[in-house]
Amino acid sequence: MKRRVAILISGRGSNMAALIRAAAAADFPAEIALVISNRADADGLKKAGASGIATAMIESKPFSNDRPAFEAVLQSVLDQHRIDLVCLAGFMRLFTADFVQRWYGRMLNIHPSLLPAFPGLEPQAQALRAGVKISGATVHFVIPETDAGPILMQGAVAVLDDDTPEALAARILEIEHRIYPAALRLVAGGQIRFEAGICKTSGEATPAVLISPAVS
Ligand code: GRF
């Protein structure tokens with residue numbers, strides 16, 4: 001039986017679209033059963049609707065700082081749709097430790113840096129300021145600490161001398177669209193095991209992807 005996945009978004013939804021595309025394959029072990037946005041103006045909502053995926057909008061603004069109340073509504077929608085796994089894809093709202101605990105091992109996030117480097121906001125600009133020569137993206141299980149948690153998969157790209165945050169973000173985004181579906185496939189297919197809190201894969205999966213402009 002395919003695992004039922006909800007994708008949570010706040011904006012553009014390009015990772016969401018990549019997950020929807022991948023999950024359309026007959027052999028993909030998960031189906032995208034629901035897309036939830038916490039913002040009515042999220043472009044991704046329209047894209048999801050156009051793909052025939054069920055959507056829900058739970059506006060977070062009226063809840064202000066009452067995170068438990070927002071999460072109670074969110075949980076009831078997830079329950080209604082019998083969701084097994086949650087993928088955060090540009091979801092710009094923090095959760096309480098209780099909610100995260102409830103979904104531990106079943107909630108994934110993608111972040112555009114090679115974690116644990118550059119968590120938080122504007123990771124691409126952080127990478128440029130640090131002068132790193134390689135950056136990338138990370139898919140990880142969600143824990144209460146932001147942009148941390150057991151790492152499922154990473155993809156790396158070269159940082160170029162004349163990169164701007166936007167140019168680097170675009171290069172990283174390409175690899176995000178490859179590793180998020182691949183990581184979800186591993187989790188939904190039961191190919192992840194933990195050893196001392198570290199994710200290991202079984203089968204032939206390689207949890208690292210490298211794309212890089214040719215360097216001579
Ligand atoms: C991505 O860079 C993702 O890694 C980060 O937020 C961005 C969302 O982009 N968490 P999109 O909405 O998936 O296009």
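1. Helices (H or I, at least four residues) and strands (E, at least two) are DSSP runs, numbered from the N terminus. The model is predicted, with local features needing pLDDT of at least 70 and side-chain atom pairs counting only at pLDDT 80 or more, while totals for chains, interfaces and linings use all residues. Residues are numbered from 1 along each chain as its sequence is written, and side-chain values use heavy atoms, with hydrogens and water left out.

2. His140 belongs to strand 6. His140 is buried, at 1% relative accessible area (buried is under 20%, exposed over 50%, partly exposed in between, with a 1.4 Å probe and protein chains only). Its side chain comes to 2.9 Å from the backbone oxygen of Ala148. Not counting residues up to four places away in sequence, His140 touches Met107, Leu108, Asn109, Leu115, Asp147, Ala148, Gly149, Pro150, Ile151 and Leu152 (contact means heavy atoms within 4.5 Å). One of these residues, Leu115, is 25 residues from His140 along the chain, and the two C-alpha atoms are separated by 9.0 Å.

3. Helix 5 covers residues 123-130, and its buried residues are Pro123, Gln124, Ala125, Gln126 and Ala127. The cover over these buried residues includes strand 5 (107-111), strand 6 (134-141) and helix 6 (165-188).

4. The largest pocket holds about 960 Å³ of space. Pockets are found on a 1 Å grid over the protein atoms alone: a cavity is a set of points where a 1.4 Å probe fits but cannot get out, a pocket is an open set with protein on both sides within 12 Å along at least five of seven lines, and lining residues have an atom within 4 Å of a point. Grid points are joined across faces, edges and corners, and a volume is the space filled by probe spheres set on the points.

5. Which residues lie nearest the centre of the largest pocket? They are Gly90, Phe91, Met92, Ile110 and His111, out of a lining of 35 residues. Helix 1 (14-23), strand 5, helix 5 and helix 6 each give at least two residues to this lining, and helix 6 has the largest share, with 4 residues. By class, the lining of the largest pocket has 17 nonpolar, 12 polar and 6 charged residues. Here Ala, Val, Leu, Ile, Met, Phe, Trp, Tyr, Cys and Pro count as nonpolar, Asp, Glu, Lys and Arg as charged, and the others, Gly among them, as polar.

6. The second largest pocket has a volume of about 240 Å³. Ser10, Asn38, Arg39, Ala40, Asp41, Glu59, Ser60, Lys61, Met92 and Arg93 line the second largest pocket. Its lining divides into 2 nonpolar, 3 polar and 5 charged residues.

7. Asn38, one of the residues lining the second largest pocket, sits in the loop between strand 2 and helix 2. Asn38 is buried, at 4% relative accessibility. Its side chain makes a polar contact of 2.7 Å with that of Ser10 and another of 3.0 Å with that of Ser60. A polar contact is a pair of N or O atoms within 3.5 Å; within protein, one must be able to donate a hydrogen and the other to accept it, and residues adjacent in sequence count only if both atoms are side-chain atoms. Leaving aside neighbours within four places in sequence, the residues in contact with Asn38 include Ile9, Met57, Phe70 and Phe91.

8. The whole structure has 8 salt bridges (a side-chain nitrogen of Lys or Arg within 4 Å of a carboxyl oxygen of Asp or Glu). Arg185 pairs with Asp27, with the closest N and O atoms 3.3 Å apart. Arg185 is in helix 6 and Asp27 in the loop between helix 1 and strand 2 (30-37), so the pair ties together parts 158 residues apart in sequence. Arg185 is partly exposed at 30% relative accessible area, and Asp27 is exposed at 53%.

9. Asp43 and Lys46 form a salt bridge with an N to O distance of 3.4 Å. These two residues are 3 residues apart in helix 2 (residues 43-50), which means about one helical turn separates them. Asp43 is partly exposed at 43% relative accessibility, whereas Lys46 is exposed at 60%.

10. Glu195 and Arg193 also meet in a salt bridge, at 3.0 Å from N to O. Salt bridges with shared partners join Arg193, Glu195 and Lys200 into one network.
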